[in-house]
Amino acid sequence: RQRGCMTWAVWGCFGLFLIAETTSVESFLSVVPNGLATRDTAAVAFHAATSTSFNNNDTMASSADLTTALMRSLELTSIVVSNILMPSLLSFLTQGIPENATAFFDGTSLENKTNAQWICQGLEAMGATYCKFGQALATRPDIIPPPLADALLKLQDDMEPFDTQQAKQIIQSELTQTRLISDQQIKQFLSSLSEAPVASATIGVVYKGYIDGYGPVAVKVKRPGIQTMVQQDAALLKVGAQWVQAIPSINGQPLVQAKVTQAVDEFMQRIFEELDYQNEANNLQTFSALYSHRRPAASPGDVRVVVPELVPDWSTSQILVMEWIDCEKLQISVDSTAQQSRNSGKSNV
């Protein structure tokens with residue numbers, strides 16, 4: 001009976017997801033333009049950052065927009081079913097009801113992967129918007145089970161990269177358009193890039209390269225097509241949030257008291273900001289001016305941080321080139337310090 005209840009619960013959640021996605025498609029064309037008229041919405045942030053958007057009036061958008069929204073909804077639904085719901089359901093059927101959440105996420109399912117790994121794979125397949133949710137959760141092992149947090153760490157810098165040849169084509173095209181760098185310099189720069197990315201995250205991948213007269217650099221390349229995908233996700237999530245927020249309870253008040261729509265808007269604005277490499281370049285220069293170890297100290301206790309130097313002439317809206325710094329991932333340093341502290345404590349017992 002417990003297994004049956006859990007099965008119905010899983011499929012019930014799936015049903016709600018389908019309803020929300022269907023509602024998103026049906027309301028896609030009427031709600032998004034209204035959202036674009038409000039400065040505080042995520043749709044406006046994206047509209048300001050890109051040249052393609054929906055119409056800024058209340059007219060119905062084109063059938064092509066509706067088709068795109070429908071296809072994206074079906075794509076997301078398919079990913080959720082194949083990468084999250086089906087492995088979870090199979091885990092329940094083969095291993096029974098787990099004792100707790102940690103046991104569930106540690107439990108293996110299809111292809112000998114844990115349920116946590118399947119969820120991580122599903123989020124990665126769904127794209128940057130949903131990977132950002134996963135990245136945020138990965139930093140909170142205090143509120144989610146550790147096995148899930150550990151699996152989601154993969155989304156920070158170890159995602160599946162796109163083709164290196166395609167990345168080089170993007171770099172060549174962007175640098176050629178600047179007209180600040182010669183063809184020979186571009187050719188030498190491309191040949192200096194690492195064969196594979198040294199890191200791969202939700203919005204871009206990073207290569208190590210070399211610029212004559214400057215030295216080793218880190219080259220961050222934005223994933224192709226990511227802005228269009230995030231635009232579609234913003235519209236769908238916006239309508240889905242409005243649908244959830246409108247669900248009434250028995251007493252007639254909204255069932256969900258939290259301001260879901262505002263939370264979605266705020267979250268999407270942060271993603272749109274990360275999509276804007278020019279904004280990131282400006283932030284890097286501002287932060288460097290305030291805290292860089294290269295600037296003169298204002299006082300004896302002045303905060304000074306090692307900040308990579310931007311190479312502005314080699315950076316565009318699609319690529320960022322900055323000084324290469326050999327360093328250690330912060331999480332590794334924190335874990336190492338914590339382990340040393342524990343070892344020290346044990347030796348003193």
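You're looking at a predicted model, numbered from 1 along each chain, where local features need pLDDT of at least 70, side-chain atom pairs need 80 or more, and totals for chains, interfaces and linings use all residues. Side-chain values use heavy atoms, leaving out hydrogens and water.

Lys132 and Glu274 form a salt bridge, with the closest N and O atoms 2.7 Å apart (the cut-off is a Lys or Arg side-chain nitrogen within 4 Å of an Asp or Glu carboxyl oxygen). Lys132 sits in helix H6 (residues 128–138) and Glu274 in helix H12 (residues 260–275), so the bridge ties together parts 142 residues apart in sequence. Helices (H or I) are DSSP runs of at least four residues, strands (E) of at least two, numbered from the N terminus.

Next, pick Glu280 and Lys220, another salt bridge at 3.0 Å, N to O. Glu280 belongs to helix H13 (residues 277–291) and Lys220 to strand S3 (residues 215–222), 60 residues apart.

Then try Glu323 and Arg294, whose closest N and O atoms are 2.5 Å apart in their salt bridge. Glu323 is in strand S4 (residues 319–323), while Arg294 is in the loop between H13 and S4. Arg294 is partly exposed, at 41%.

For a network of salt bridges, select Arg72, Glu75 and Asp233.

Last stop: residues 1–61, where pLDDT (the predictor's confidence in each residue, 0 to 100) stays under 50.

Key:
Contact means heavy atoms within 4.5 Å. Buried means under 20% relative accessible area, exposed over 50%, partly exposed in between (1.4 Å probe, protein chains only).
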